[in-house]
Amino acid sequence: MTAALLLAVPLLPLLLAALVPWRGMTRLQWLTPLAVLPGLAVVLFLPDGSHASYPWLIMGMDLQLDATGRVFLLLTTLLWGAAGLYGLGYLRGQDHTARYHLFFLLAMAGNLGLVLAADAVGFYLFFALMSLSSYGLVVHAGGDAVYRAGRIYLIMAVVGELLLFAGLVLHVSAAGGYHFSLMAATPLQPVTAALLLIGFGIKAGLIPLHVWLPLAHPAAPTPASAVLSGAMIKAGLLGWLRLLQLEGPGWEALGWLLVTLGLAGAFLAALVGVLQSRPKTILAYSSISQMGLMICGVGLIFLLPDLGDLLLAAVVLYALHHGLAKGALFLGVGIVERRRAPWVLAVLAVPALALAGLPWTSGALAKQSLKSPLYEALPAWVGTVETLLTLAAVGTTLLMARFLWCLWIKGAARPGALPWQMWVPWLVLSFAALVLPWVWAGEAGSAWSLIWPLILGVVLSLAGLLAWRGLRVPQVPEGDVLLPVEGLARWLARTVRSAPRLWQTAGDGPARARLRLAWRRTRHGAARLEAGLGRWETVGIVFMALLVGVFVSLWV
Amino acid sequence: MFATGLDWAAWAVAVPLVGALLAGLLPRLGPVLGLVFGLLTALAVAGAVMGVWHEGPVRAGLGGWDVPLGIALSLDGLAALMLAMTAVVGLAVSIYALGYLRSSQTRGKFWALWLWLWASMNALFLSGDVFNIYVTLELVGLAAVALTALSGGAAALGAAMRYLLVSLLGSLAYLMGVALLYGGYGVLDLAALGAAMEPDKVSRLAAVLMTVGLLMKTALFPLHVWLPPAHGSAPAPVSAVLSALVVKASFYLILRLWLDVFPVLTVPGFELFMGALGAGALLWGSLLALRAARLKQVVAYSTVAQLGYLFLVFPLMAVTPGAWQAVVFFALAHACAKATVFLAAGSLQKAAGHDRLAQLGAVMRKEPVTVFAFGIAGASLVGLPLTGGFIAKWLLVDVALQGHAWGWASLVLAGGLLAGGYVFRVLGHAFGRGSVNPDHRPVPAVMVWSTLVLALVSVALGFAGAASLELLALHGGRT
Amino acid sequence: MNASWLLIFILMSSLVPGLLIFFLREESHGLRTALNLGGAGLKLILVGYLLLGVQRGDVYELRAVLLPGVELVLAADSLSLLFATLSTLLWFVTTIYAVGYLEGSPNHSRFFGFFSLCVSATVGIAFSGNLITFLIFYEILTLATWPLVVHRGTAQSLRAGRLYLAYTLAGGALLLAAMVWLALLAGSGDFKPGGYLMGLEQEFPTQLKLIFAMLVAGFGVKAALVPLHSWLPRAMVAPAPVSALLHAVAVVKAGAFGIVRVVDDVYGLTLVLELGLDLPLMAAAVITIVYGSVRALFADDIKRRLAFSTVSQVSYIVLGVALAGPLGAVGGLVHLVHQGLMKITLFFCAGNFAETLHIHKVSELKGVGRRMPLTMLAFTLGALGMIGAPPLAGFISKWYLGLGALQMEQHWVLAALVVSSLLNAAYFLPPVIRGWFGRREEPWHDEHMKHHRFETHWMLLGPTLFVAAVAVAAGVLAGMPYSPLDWVSLIVEREYAPTGGGL
Amino acid sequence: MIPLYLIGGAALFALGLHALVVRRHLVLKVLALNVMGSGVFMVLLALAARGGAEPDAVPHALVLTGIVVAVSATAFALALILRVKAVTGRAYLPERNGDDPA
């Protein structure tokens, strides 16, 4: 029973995916949101440590539910279910809905499966399934800009996959098996750790590997953006939590690296995000920024192994909070496009403020649980980190203000009906931010450290709003550091292509012509010589020459 | 067994001789006589081979008259194998000729001459003394020239005339050598000569004259020029016999002489010289086969090339004494393959009315069996597996490498590749989209199937390597 | 009667129909198809029976003396059956495909005759019990493939045929020399796990190295090792079924299989390691893998791209064997099957595109997914498998290759695998993406198969989907008994019995 | 005496060879071959006489046989020349070697 239920979590979306593309099966699309049900059932009914093996599948696969997995599975099912329902309304009347649902279900299967995977191969399999099928979601709308976004997304995803492949193979080889339990028992080599760091970092939006995010999120249809930003980028985080060993000597450097990059991401992404004007791009940068905080949290786990359990729980909670809030924000973008009403904006302000850490929201809970362990930590630098974490909320507040502003002034792009499939999931996710603290027993911290950055952010936003018209805001292109890299790649491709000599097949071109000429000359020469040999006089001379030749040779 | 191997061997000479006489007297019955006497000859040869197999090498004077004045027959494994080769190819050619010459003016003459040639060759293989060899050599030469001239056109007559002059010149050189040998040793018997041979001037001079005379008849490069026109202009069965058997007869003599009579004279320089000539033949013949525009020319130049292999026997024997067996097996494989190729070429020429390669494609597509036979035999020439050619090439490379003769081994392999070049060049036309030939004359079935059967003999030879080597080991020359 | 005669029957089951087909008249389609499929089906059954026998541990062996010391040996071991089963299964499928593909074109009898000969030669290669027998069938394969390469008869295909012959015949000559030399040093031993040259390395180290190089170069021609590969892309002028079966399975695999035999069963891994032959072979394989991928990247013609991809992918097999460790061997050998399945899928798809819509170039694939979704699906699965996306077959191969590289402490090979996979993605993803997401405004102008019930002729579509499904199953169900991975593990266990190891 | 015959035979052989090469008319070529043959026979006879009082019978038998062969060969050659003359109108070797379209 457990085995069947666990397998059904990824299998049901897969089966549905196999059915929806067929002509005459359009009605099955309605089942898409229901494909998360087995996952929800697992979250609700299976105890921690539920486990099943499928030795016939691939090279043998194991699925397992643990505490971390349960939270991630909850987030994933909620978000995919909500986005799935939302998508039904969002795409009504559009072309290619079958294709959209196919990729949506495939990615869903991957995302659900990877949470349960208990071995490296299974994890990698579902991770790849999710990453590659999301391409279909990213490029769904079509058009040059979208294809560019898709291309970048795909390149990054494939590179990430391959680095992961290398990292996993290295670690599996060292461990002698690919089950997480076995792998956890084997010390991680630095190279392996680096590969895993980068491989998952691409997905998690670790700077400077984040460049695909600001391009892909605006390009994708809104429900897809919601799951991309809310659930899928968390898969990278989960990967780290599963595979990077949170203890052991020599990991300080890794911890410092993650803390530094995380904090840098939190601030830089906020800075760049504020300079954007498309709402979904702003949200994407916000995601990078928020992921920075979580990454910083992971780094802290390395640096403060004593607090590992608390910090781990905090990071997981943060992920849940961010996923739900960000999902709600993205879905809200689609709502505003159709109903540019103040109440919509008001509802949207809930997850936005939650992200910024408004007390009594999930954001407050998450931030508190992340920061509170730090108060007890001994090293002096912890204080600085804590302060920086708090300060990051200013950036978040600014970003949210900017987001709401841009959404308001640019809304109503696609007026149309607002079906219940859209607003119901959106409301559910929006208010999840308020519900979460009630179901999650967290400890309350000092509210002041949450509120002052929020207030500072609001003040700065208002100041910025007033100053906005008089200032020429510097434009940062979406994808920031991507552009120079892209230019370099183009130049390389051009150079390689324009070196035809290098790619010329042997035997083509001038060499071939020369060869042909030489062959013709040889043939003519041979014919002339043969004709000469054929003259009777020559025969006589050759005969005598041979007599002499053989005679001489007999004396040699 | 009612008769000894030698009796059978004598019948192998006598039967075709009688057949030739009868066919000459009764030209209208030529085909029937040819077939009947061909079969009988083959039967006699089979008896002779079995005889050698069971009794070992034998020799005896014919009719009780021994050497020097009588005619002595000598039969050992080598001779038996040559007889067998002649019989197999001869039989196939005879059957083929039934179809080929059906409507020809010349068929009356053909059968008499062909049986005559067959008898002469058998006699040559069985001759045990140098003068008898001269006589049989001359008989072979004249019969071959007559067959070449058979079609009667200007080209054929010119080629035949040239062939005749070359043949007579070669024979006379050989005869001069015989005279010198007799002067030196007073005997004519091969074995006796071999036993008495001293490396003196006269012997060397005799060896030179005899060898070069025979080289001329073997058409070794650069004395090959008479061969392509002769083989190219003769009727297909004749070309097949000339290319497969007649040149081998003179080579057989060269081999005999240097195995049984002159081995004491061999020096590295001579071996190298002959090897160089062989290499030259191999390269030159292949080159010209690659450029020839007509099918029969391609095949004829292929013969020039492949004859080069035979002369590698000298350098190879220097490093591995048993190399001659490999070369003889090669000759055997080549005979079957080359005869097949010529017969197939004849069928195609007959079907198309010409043998210009460029315009042959359509006809080749209409004659798949013939092309298939050509392909199998071609594979044997190239040395591809499951054919006699492969075993021959294996043996040649084997003996070369045994003696660490890398150069000769590479030459053998390179020759195979060149053969691949011209064989597949021909076959390529069967697959080309060339012009459609409107006047395709169907080829009689007997030609098609005899060609195919001979091709299959090439395949069978691929499995006969061990048996052939065993037969060759029964070598009675120097006893 | 001796059970070993089964081997002869297996050879005959394609040879006899092949020879009979040569003599059939062009019009007798039904009889020809019946002969073809009957032979293929019979062979499948016989091979299946043999498979069970070999797994039980039965010995099948036939010998005939060709020359003193030179024997023709047919024998069935688990490695033979890996190759034999693959080629037999794919022969069956490809025959159906070819019947559909060649509908309405001339020279059927010739085509199918040689086609059957090729399969006989391939199976002969699989069941060769020593090097000489291997060479014999190897050369017959050359001979039987050439007519298929030049089948179209255009100047281009004749040129391709010439090039093919020039390479393969030269390769064959090199092999012949190497084998004679080896036979002189060591006699002509039968293939056996661990090789039969042990003890000679003290006496003839240099000679053994040289012979190894010659053997690898000789087999490398067919396995399309760089720089001996350039016949392969040219040979793509052949009809699609030929490219599919022969250039994805029979010919290139024959070369790779030869290298496998040389490394595993002639020299033996110990000797290969002792003589230091693993590293050069590995280097050759890696260079080929990367070079082939780069060339594929710049090829617009679909079949040409697939051909260069073959160049690259076949070397995975060589790489796996060169790693000379059990895990690497699993990766290499299983790729023998996996690559065959995936590549034949891709070639079938390319054939379907060309036959149905006259699409020959990657750039023309835009929007083809709407018109031919099933073919495009098969193409996608094949392409993703080639890239190594889990859970498809290619991933299993690469996974084991990676583990094998690390097991033998050749970390750089892992890097090469990653780079090559990246390149694979770079040349396989664009056609897939273009096919599904590209938009085609104008209707398809020259549709051939409009009248068919499916997107194309069912004899083209059915085999394509079947091989795609098998390729997927080979990956997804790799853990099941009788999967390629399972069978390969059996082979490797037998090969490495003393040393052990495995995951 | 004997060396003279020997040398004479060799000279005849050489002369015949020379004529065979340089003379163009076919009858002359056949004559040249006969001269060469005579040279060989002369050598054989000289060798027969060398044995002492009793001349060796074997060379004589050889010469006789040789003459028979030579006569038949000559007859055949002359017949062939007649055919050549009848077909081509000239009793010369064709200048082109065969029909190879060079």
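This is a predicted model: local features need pLDDT of at least 70, side-chain atom pairs count only at pLDDT 80 or more; totals for chains, interfaces and linings use all residues.
Figure 1. H17(C) is made up of residues 411–437, 27 residues in total. From its first C-alpha to its last, this helix reaches 38 Å, close to the 39 Å expected at 1.5 Å a residue.

**Figure 2. The contact between chain C and chain A.** On one side 40 residues of chain C take part, and on the other 42 residues of chain A. The two chains bury about 3500 Å² between them, and carbon and sulfur atoms account for 75% of that area. Within chain C, the residues that lose the most area to chain A are Phe298(C), Trp399(C) and Phe437(C); together they give 22% of what the chain C side buries. The number of salt bridges counted between chain C and chain A is zero.

**Figure 3. The contact between chain D and chain B.** Here 43 residues of chain D meet 40 residues of chain B. The size of an interface is often given as the accessible area lost when the parts come together. For chain D and chain B, the buried area is about 3400 Å², with 79% of it from carbon and sulfur atoms. Zero salt bridges are counted between chain D and chain B.

Figure 4. Leaving aside residues up to four places away in sequence, Val443(B) touches Ser347(B), Ala351(B), Glu367(B) and Val448(B). Lys350(B) is 93 residues away from Val443(B) in sequence, yet the C-alpha atoms of the two are 7.0 Å apart in space.

**Figure 5. Two cysteines of chain C.** Cys118(C) has a relative accessible area of 0% and is therefore buried. Cys349(C) is also at 0% relative accessibility, so this residue counts as buried. Over all chains of the model, the count of disulfides is zero; a pair of cysteine sulfur atoms would have to lie within 2.5 Å to be included.

Note on methods:
Residues are numbered from 1 along each chain as its sequence is written. Chains are lettered from A and ligands numbered from 1 in the order in which they are written. Side-chain values use heavy atoms; hydrogens and water are left out. Buried means under 20% relative accessible area, exposed over 50%, partly exposed in between (1.4 Å probe, protein chains only). Helices (H or I, at least four residues) and strands (E, at least two) are DSSP runs, numbered from the N terminus. The expected span of a helix is 1.5 Å times one less than its number of residues. Contact means heavy atoms within 4.5 Å. Buried area is the accessible area (1.4 Å probe) that two parts lose on being put together, summed over both. A salt bridge is a side-chain nitrogen of Lys or Arg within 4 Å of a carboxyl oxygen of Asp or Glu.
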